Amino acid sequence: MVSAQLSSTFYATSCPNALSTIKSAIESAVSSEPRMGASLLRLHCHDCFVNGCDASVLLDDTANFTGEKTAFPNNNSLRGFDVIDTIKSQLENMCPGVVSCADIVTVAARDSVVALGGPSWPILLGRRDSTTANLSAANSDLPSPALNLSGLISAFSNKGFTAQEMVALSGSHTIGQARCTIFRDRIYNETNIDSSYATSLKSNCPSAGGDDKLAPLDVTSPASFDNAYFKNLRRKMGLLHSDQQLFNGGSTDFQVGAYSSDLGSFQIDFAKAMVKMGNLSPLTGKSGQIRKNCKKVN
């Protein structure tokens, strides 16, 4: 198991207030802007899907490599870097060179979900930070919102997730927002969408222009980590093409139905899948480094 070198008590003596510091910073950030919770959860997932949970997504471009921030799934889309930087500064003042950016991102995602009323899960610590980034892997490995069900199943399977885990993780779209440019084609050209829902979206997302106008991924309760996302899918009110694919006459319809009627089972499965997410190929031991600044290698 890759997590064998990770430990739940990794910072118990080296930085005993690390977790409480992250938690209070996240509670503050999410309290002032609920959308930030979704952004930090997404930041973690987009980090782990590319070369594992190594904070490579945080790196700015250098003369030696192009970072992952300009990859198509991330460009003008990923947020929360400033929150991570603030936490890193606090921890560097407290215990210099001890807590990795990769661990901060991992814990921040969990604490964000909790802050929005979602489940908690245990996190093993001790990840180290990458010394490079992988733009091409970010472009190829991150699931596109334009994917059909088979493509989604394949993208998650490539990272070791089952179709059921993919559906559970997709439930993260019960929080957060998306840009008009990402869902425009769906609301103007697709037929498996509630007509009044599509009409309401068109009022804020014109057929041309307005690319950065936002709409909630879960129109019912966008700032609450619940199972309304799945209920919406059953009403053909998935915002993204990839969302509605989960309930469109295919193999995952049953799972969507189960989660829509049982919040508890969704939260349990989501938490288990997030443990698995956080354990994707971490750098441990003497691999990588502990960055002093999350945006650049030491």
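This is a predicted model: local features need pLDDT of at least 70, side-chain atom pairs count only at pLDDT 80 or more; totals for chains, interfaces and linings use all residues.

Colleague: Let's start with serine 56: does it count as buried or exposed?

Modeller: Residues are numbered from 1 along each chain as its sequence is written, and side-chain values use heavy atoms, with hydrogens and water left out. The cut-offs are under 20% relative accessible area for buried, over 50% for exposed and partly exposed in between, using a 1.4 Å probe and protein chains only. Serine 56 comes out at 1% relative accessibility, so the word for it is buried.

Colleague: Where does serine 56 sit, and which residues is it in contact with?

Modeller: You'll find serine 56 in the loop between α2 and α3; helices here are DSSP runs of H or I with at least four residues, strands are runs of E with at least two, and both are numbered from the N terminus. Contact means heavy atoms within 4.5 Å. Skip the neighbours within four places in sequence, and serine 56 is in contact with Asp47, Val50, Glu68, Ser130, Thr132, Ala133 and Arg291.

Colleague: What is the relative accessible area of glutamate 68?

Modeller: Glutamate 68 is placed in the loop between α2 and α3. Not counting residues up to four places away in sequence, it touches several others, including Val50, Ser56 and Asn74. Glutamate 68 is buried, because its relative accessible area is 0%.

Colleague: What is the largest C-alpha distance within the "binding site" annotation?

Modeller: That annotation comes from an unreviewed UniProt entry and covers Asp47, Val50, Gly52, Asp54, Ser56 and Glu68. They are spread over 22 residues of sequence yet cluster in space, with a largest C-alpha distance of 13.0 Å.

Colleague: How do α1 and α3 run relative to each other?

Modeller: Helix α1 (residues 18–32) packs with helix α3 (residues 81–94) at about 150°, and their axes are 10 Å apart. Axes are lines fitted to C-alpha atoms, for helices over the stretch in contact, and angles run from 0 to 180 degrees between N-to-C directions. Under 35 degrees counts as roughly parallel, 65 to 115 as roughly perpendicular, over 145 as roughly antiparallel and the rest as oblique. So α1 and α3 are roughly antiparallel.

Colleague: Which residues of α7 are buried?

Modeller: Helix α7 (residues 163–170) has six of its eight residues buried, so it is largely enclosed by the rest of the structure. Those buried residues pack against α6 (149–157), α10 (228–234), α12 (253–261) and α13. They are Glu165, Met166, Val167, Ala168, Leu169 and Ser170.

Colleague: What phi does asparagine 76 have?

Modeller: Most residues other than glycine have a negative phi. Asparagine 76 lies in the loop between α2 (35–48) and α3, and it is exposed, with a relative accessible area of 59%. Although not a glycine, asparagine 76 has a positive phi of about 55°.

Notes
UniProt positions are given in the numbering used here, feature names are shortened, and annotations may be inferred rather than shown by experiment.
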